[in-house]
Structure formats: structure tokens, C-alpha cells
Amino acid sequence: ERARDCATVYLCIISRITLSSLFGKQINWSEADTKRFHSMREKLYREIGKLPGFLPCMLHLGDSLHEVSSRRAVKYIVESKIGRPLPVYLMFMEIFQLLLLMTSYRIIVELVYDFPSQEFLSQYRDFWGLALCSAIMFAIRDIAIMLSFSSTEEKLALRYARNFGNMVGYVTTACVIIVLSVLFVKPNIVGHNFVGIVAGLLWWKFLLHVKGMSESLSTLIYTIMQIAASLRYFLAVFFIAIFFFADMVDIVKKTSGECVYIDDEIDSSLETFCSLTPLQSYLAMYGVMIGGMEISSLEDSSALVSLLFVAASFCGVVVLVNILIAIVTGEYEKAQQHSCYLFARARLEAAARQDARENIYFPPDDPTSGIGRKLWRLSGTFELVGGVVTTEYFLIKSLISCQSLHKDGHVGDFLFVALILCAALQLIFVVAATMYMIAKAICNYDSLRWLRGSKLHTVMLKICLLPVCRYLTSIGLGKGEKCPDASDSDEEDHPLLHKEFLGKQADFESNLQEAIKESETRILHAMKSMMFQNPQY
């Protein structure tokens, strides 16, 4: 706890450092001094960011993470990690690959439901290849992040794994692989409701995956999660109210003789109330409490039963529903006030994951490590390239198969168009990332220096960097946007005017006098308590 507090205070202090705070705003300095100071400050931030495991260890701050993630130093380090073209392309590639997984999964389920025949489905195994390849790549990604966190600190990996969103992602990936393997061996979904639950988990994984793309999206997703956490006591009271009224109505109707049996059959007018099981009565009372009751259903009921129904409807529609609206509205307004902090936290988590992946696939060079680390970096490159090539191979074959299935009427228009759009967008980002890596290689390798500055090189850089710069500018990345409530947002490096200096000095003197008076009061109280304390012998 003390280490977390010290880290929080240190990051806040170095984020508030300005030229005026060091030398005073009454001193005039040149523009060269300002540039030199900003250069030194950025160098300090870069050195802090180079500390091994700095970004993953930031996740240890817990409740202080919202505050620290919006500070100037942390934002600079985060933006230098995920504000580069390759991480941006990688983020969009993963988003559209996840959409491809969801689309191919849905196509597989539809084919198995309509044509549960091994002979027919064996012609379209390309969809299984695409879905399994995508799911395995996400599983390898999650395992790599966990291994990197555990190499930094074991508690960090456990804390990351216990996060609700991360647990949902792990379970979803594992369930997708299991379901696809089972359907590959035995194509039958009748009676397997788990297949539909996995489809819903995929959408939840997608929602958590895109939370760091924009401030509005991260605010909305964090608000939903916060509302879900704050509704546990409300839901407990709501369910108790349902059981309370349902049991009373069910038993009172039976004991009052309203459930009249005629020839061993229940009167049809009383069937909706008297022939329900306890679970069905609870569901019926839920409908009453959310406003689903009709007056005609109380025509043959006694006054007590009618009173109970009215009380249940009033308690649900008027009281509990309005309390629910108040809770949701309050949490959303609170999240809107802290939207910048929520977005900064989402970016920090994304930067920590990106740093963990880079440390696993491309560990930093170490002269003492020998050839082993170079071979590991080379194997990491081959693994990533091999995964992308395999995915593109199955994607092309799946598009060909989907076209023939659509022509025969086995695949609907929506799934056909969705697969084509996801494939096109994913392929665009793959090509853009490849083009950027080629352009970067031209800048780095001397063997390709004859291409530097050529029209081809310039066009490649413009095509690669322009969309990334537009995206980063639109969401605030790359320019160090300010949070309204951050203590380092309103400090500028410019000298004070004479009147402003006098005002600051007067405020400082008054605050100093108040602090001295408070200290004297505390000392007098302490001396008084010591003087009147009973002596101990």
C-alpha cells in the first residue's frame, strides 16, 4: 500500500513540473530555455517508460489508476507506446479478426442446423479453419500477455487474470475452441443450448475489446460495468419483492377457494392464476411488477387478491423502477464527469497489454543473452506472420465457399455481406501494416537506402501514416489532451504579470498565516491535554 501511494505521488509530482514551478513565474526566460526544459522533461518521461515492466506494474495501483492514468507523464508514456502506426494497425486487425470469428461461427451454426450431414459439411471445412485459426490466435495472445505479466511479477498476473473482463475473454476463447471442435466431429446442435451462449459471449468479448477506441465508447462501457456492480443490492430487494408478492397471491387464492375445480379441471377463467407452478408464478409476478398487469384479469378475484396485485404493481412500477432509473442516471452522470479518466485508464490498460506482448515476442536486445534471444525474436516474427498468412488463406477459401452457398440459397444475404465486409476491412489493415513495415525497413536498412526519399517511399509513408494520424487526432492521442479536473492541465510556462505576482504572493502569505495559526492551536491543545492528564505512578 505504501509503495502504491509513493508511486502515485511521484508520478503526480513529475507530471506537474513546469519551468515556472521550478524558477518562479516572476522570472523571465527565453524561448530557448522553454524548449530545452521541455526536451529534458520528455527525456525524463522516456527514461521512466524504459523501466522494465513499468506499464504492467501500473495496473497494481488499483483505485489510484484513474487519477494517475490522466497525468502528463503517464499519458506521454502511454501515447509513445500505442500512438505508433503498428499498434494502431494491430488493434484494428484484431477487431476485424474478431468480427470474422463471430461471422464464421454463426455461419457454421446455421450450416450445422440446416444440414447436419458429414458428407455435406465436409465440403465447407474452410469456415472451421478460419474460426479455429482466429480463436487460437486470440488464445496465444492471451497466454503471451499472462506469461509476460508473470515474468514481471506473479501477483500482477493473478490480478490481471482475476479481472472480470479478462476472465470473460479467456472463457469465451476456450469455449469457442471447444464448441468448434465438437461440431467438427459431431455436427449436431439440437439440445446444445451452450452454443448460443458462446455466441453471446463473443459479442461481450468484442465490446470489451473496443472500449479503448474512443472516449465516448470507453465511458459507456465502464458505465455499464459500474451500473452492473452497483445494482447487486437493488436486484436483491427486487427479487425479494417478487417472491413476497408471488407467494402471498398464490397461497391466498388457493386458501380463499377461488381456484374452483369442476370435473377435476380448473375453471378456464382462473387458469392463469391457479394452474401455475411456483416458478411460473414468480415469472408472472415479475410481469406484474414491471407493468404487465391487465385489469380484466382481476374481474373474478377477491378484494384481498386485487389489493395485493395493486400493491405489487405500485411497488414495482412506481417505486422500484424509479429507483432503478435514479441509480442508472446517477452512475452515468458520474461517469460523464470522469470520462477523460476512464478513457485514460482504458488506454493505459491497452498500452500495458501491448508492452507485455512486445516483451514476449520481441524481447529487448541483451549482449549477454547470446544467440538464444535472437532466435526467439525470429521465431516470434515467424509465428505472427504465419498466423496472419494462415488466416488469410482460410479467409479466401471461406469467401469462395460462402459465394457458392449464397448462390444455392444456403447462406442468407446478411451473413454473406457481413463476411465480405469484415474480410475486406481486415485485409486493408493487413496490407497497410505490411506497407508500413516495408517503408520502415527502407528507413532503417542501409541496403535499401537507394529508395529513401523516392516517390515510392513518400507515397507509401503517406498512405500508411495519414489514416493513423487522422485517427489519433480524432480521439486525442498524439497531442496529449488535457483532462478538465487534472491538476497538471492548467499550468502553462509563461511569466506572471506584476499584478498576478502580487496576488499570488498575498495568497501565499495569507495561507501561511492560517497554517501557522492552525499549528499553534494544535500545539496548545496538546500541551493542555498533557498538563491535565492524570499522573501515573
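I begin with a helix pair: α9, residues 126-152, packs against α10, residues 154-162, at an angle of about 140°, and their axes are 5 Å apart. Here the axes are lines fitted to C-alpha atoms, for helices over the stretch in contact, and angles run from 0 to 180 degrees between N-to-C directions. On the α9 side the contact is made by I145, M146, F149, S150 and T152, and on the α10 side by E154, L156, A157, Y160 and A161; contact means heavy atoms within 4.5 Å. By class, seven of these residues are nonpolar, two polar and one charged. In this scheme Ala, Val, Leu, Ile, Met, Phe, Trp, Tyr, Cys and Pro are nonpolar, Asp, Glu, Lys and Arg are charged, and the others, Gly among them, are polar.

The model is predicted: local features need pLDDT of at least 70 and side-chain atom pairs count only at pLDDT 80 or more, while totals for chains, interfaces and linings use all residues. Residues are numbered from 1 along each chain as its sequence is written, and side-chain values use heavy atoms, with hydrogens and water left out.

Turning to the whole chain, the secondary structure comes to 22 helices and two strands. These are DSSP runs numbered from the N terminus, with helices being H or I of at least four residues and strands E of at least two. Of the 537 residues, 39% are buried, where buried means under 20% relative accessible area, exposed over 50%, and partly exposed in between, with a 1.4 Å probe and protein chains only. Among contacts between residues at least 6 apart in sequence, 76% join residues at least 24 apart.

Next, two further helices. Helix α7, residues 85-114, has 30 residues and spans 43 Å from its first C-alpha to its last, close to the expected 44 Å; the expected span is 1.5 Å times one less than the number of residues. Because 23 of its 30 residues are buried, α7 is largely enclosed by the rest of the structure.

Helix α17, residues 303-337, has 35 residues and reaches 50 Å, close to the 51 Å expected. How far does α17 bend at L320? The bend is about 30°, taken as the angle between axes fitted to the seven residues ending there and the seven starting there. L320 is also one of the buried residues of α17, which include F309, G316 and E331.

Finally, V288 lies in helix α16, residues 278-289, and is buried at 8% relative accessible area. Its C-alpha atom is separated by 9.5 Å from that of F314, 26 residues apart along the chain.
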